[in-house]
Amino acid sequence: INVNAQTTSVTLSNLTCGTQYEWQVASHCSSNTLSAYSPSITFSTLACVTPCYPPTGLTTSNITTTGATLSWTAATGALAYVVQYRPVTNPVSAWISVTTQNTSISLSNLTCGTQYEWQVASHCSSNTLSAYSPSITFSTLACVVPCYPPTGLTTTNITTTGATLSWTADTAAL
């Protein structure tokens with residue numbers, strides 16, 4: 001491919017990644033005179049690399065006292081995803097990692113009334129992991145202690161105009 005230039009450099013922008021090229025240059029001395037070509041030199045463009053981006057669109061749904069569904073938008077080129085989640089505690093708790101090929105996971109081993117943080121990264125090849133997405137938080141539903149009616153109802157001290165009523169209170173009763 002011939003390129004004419006009136007400067008001492010040319011910038012090429014239509015090359016193919018991961019390809020070796022050879023080039024040489026000649027001087028145009030007059031309208032009809034062209035010098036011999038210089039010895040050629042070679043170079044290679046950088047290898048073709050598909051960028052590996054983290055997923056976007058993180059959402060948390062189906063939140064219960066002990067579970068939640070974590071979902072995200074698929075990332076181009078991702079073969080799998082690594083999800084990290086942890087309770088928001090002080091000191092900071094360790095991440096729990098789950099790998100999946102889906103764009104959502106359902107967790108069922110959470111603690112009620114607890115705030116959780118989670119993030120996800122794309123696995124684009126056997127040894128390429130994207131950065132993690134910004135983390136988002138959610139809270140499981142509050143721990144509900146069942147409230148049962150009192151037991152052991154008794155009536156004592158019965159008179160013509162009164163009686164004493166007694167019972168055993170439930171442990172959750174205020």
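Q: Where is Thr103 in this model?
A: The model is a predicted one. In it, Thr103 sits in the loop between strand 8 (96-100) and strand 9.

Q: Is Thr103 buried, exposed or partly exposed?
A: Thr103 has a relative accessibility of 32%, so it counts as partly exposed. Buried would need under 20%, and exposed would need over 50%.

Q: How far apart are the C-alpha atoms of Thr103 and Val83?
A: They are separated by 10.0 Å. Along the chain, Thr103 and Val83 are 20 residues apart.

Q: You mentioned strand 9. Which strands are in the open sheet, and in what order?
A: The open sheet has three strands in the order 5-6-9, and the pairing is antiparallel.

Q: Which ones are the edge strands?
A: Strand 5 and strand 9 are the edge strands, since each of them pairs on one side only. From one strand to the next, the twist averages 15°.

Q: How many bridges join strand 5 to strand 6?
A: Four bridges join them, and the two strands run antiparallel. Strand 6 covers residues 68-73. As one example of facing residues, Ser61 stands opposite Thr69 in strand 6.

Q: Ok, and Trp72. Where is that, and is it buried or exposed?
A: Trp72 is also a strand 6 residue. Its relative accessible area is 5%, so Trp72 is buried.

Q: How far is the Trp72 C-alpha from that of Ser13?
A: The two C-alpha atoms are 36 Å apart, and the residues are separated by 59 positions in sequence.

Q: Switching topic. How many disulfides are there?
A: The structure has two. A disulfide is a covalent bond between the sulfur atoms of two cysteines.

Q: Which cysteine is joined to Cys52?
A: Cys52 is joined to Cys124, with an S to S distance of 2.0 Å. Cys52 lies in the loop between strand 4 (41-44) and strand 5 (56-61), while Cys124 is in strand 10 (residues 115-125), so this pair ties together parts that are 72 residues apart in sequence.

Q: Why is that disulfide of Cys52 and Cys124 called right-handed?
A: The torsion about the S-S bond of Cys52 and Cys124 is about 85°, so the disulfide is right-handed. Both Cys52 and Cys124 are buried.

Q: What about Cys112, which residue does it pair with?
A: Cys112 is joined to Cys143, and the S to S distance there is 1.8 Å. This pair links distant parts of the chain, 31 residues apart. Cys112 is in the loop between strand 9 (104-107) and strand 10, and Cys143 is in the loop between strand 12 (136-139) and strand 13 (151-156). The torsion about the S-S bond of Cys112 and Cys143 is about 95°, so this disulfide is right-handed.

Q: How exposed are Cys112 and Cys143?
A: Cys112 is partly exposed at 23% relative accessible area. Cys143 is partly exposed too, at 44%.

Q: And Cys29, buried or exposed?
A: Cys29 has a relative accessible area of 58%, so it is exposed. The cut-off for exposed is over 50%.

Q: Last topic: how much space lies in the largest pocket?
A: About 1100 Å³.

Q: Which residues lie nearest its centre?
A: Those are Ile1, Asn2, Val3, Trp23 and Gln24, out of 24 residues that line the largest pocket.

Q: Which element gives the largest share of that lining?
A: Strand 1 (residues 20-23) does, with three residues. By type, the lining of the largest pocket divides into 13 nonpolar residues, ten polar and one charged.

Definitions and conventions
Residues numbered from 1 in each chain as written. Predicted model: local features only at pLDDT ≥ 70, side-chain atom pairs only at ≥ 80, totals over all residues. Heavy atoms only, no water. 1 Å grid on protein atoms, 1.4 Å probe; cavity = no way out; pocket = protein on both sides within 12 Å on 5 of 7 lines; lining within 4 Å. Points joined across faces, edges and corners; volume = space filled by probe spheres on them. Nonpolar A, V, L, I, M, F, W, Y, C, P; charged D, E, K, R; others polar. Disulfide = S-S within 2.5 Å. Buried < 20%, exposed > 50% of the residue type's maximum accessible area, 1.4 Å probe, protein only. Pairing = 2+ DSSP bridges. Axes fitted to C-alpha atoms, helices over the stretch in contact; angles between N-to-C directions.
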